[in-house]
Amino acid sequence: MARKGKSKNFSGDGAGRHGSGSGSGRGRIAVIGAGKMGGILLQACLQRGLFRRSEVSATVQHTEKAKLLSKTLGISVDHDNVAAARRADTILVCGFTQTK
């Protein structure tokens with residue numbers, strides 16, 4: 001869920017936050033919800049060369065997770081789902097509904 005107020009962005013490799021990526025034709029990719037499921041999917045795609053780090057950004061709910069994921073994967077990680085989606089050409093929504 002997008003949070004109101006200022007968004008913190010943690011850039012792992014200094015990749016730009018705007019633009020159409022590095023020219024692969026895919027453009028920018030946003031992974032909304034890069035927690036447990038989304039983080040594993042994202043890591044696998046990066047390791048297999050399906051995504052370029054300069055083309056990918058992700059969002060998570062917690063600041064510490066954002067810092068760790070950014071450092072580990074070398075990508076831009078942020079808390080603002082709406083902003084990430086607006087910057088992206090392709091959006092992967094990786095989440096699940098919690099039931100009570």
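Lysine 67 is partly exposed, with a relative accessibility of 39%. Here buried means under 20% relative accessible area, exposed means over 50%, and partly exposed lies in between (1.4 Å probe, protein chains only). The model is predicted: local features need pLDDT of at least 70, side-chain atom pairs count only at pLDDT 80 or more, and totals for chains, interfaces and linings use all residues. Residues are numbered from 1 along each chain as its sequence is written, and side-chain values use heavy atoms, with hydrogens and water left out.

Lysine 67 has a partner. It forms a salt bridge with glutamate 64, and their closest N and O atoms are 3.9 Å apart. A salt bridge here is a side-chain nitrogen of Lys or Arg within 4 Å of a carboxyl oxygen of Asp or Glu. Both residues lie in helix 2, three residues apart, about one turn of the helix. Helices (H or I, at least four residues) and strands (E, at least two) are DSSP runs, numbered from the N terminus. Glutamate 64 is exposed, at 58%.

The count comes to two salt bridges. In the other setting, arginine 87 meets aspartate 78 at 3.7 Å, N to O. Arginine 87 is buried at 13%. Aspartate 78 is buried too, at 1%.

Now turn to the core. A nonpolar core is a set of buried Ala, Val, Leu, Ile, Met, Phe, Trp, Tyr and Cys residues joined through side-chain atoms within 4.5 Å. The largest one has 16 residues, and Leu42, Val56 and Ile75 touch the most other members. Strand 2 (29–32), helix 1 (36–47), strand 3 (56–59) and helix 2 (63–73) each give two or more residues to this core.
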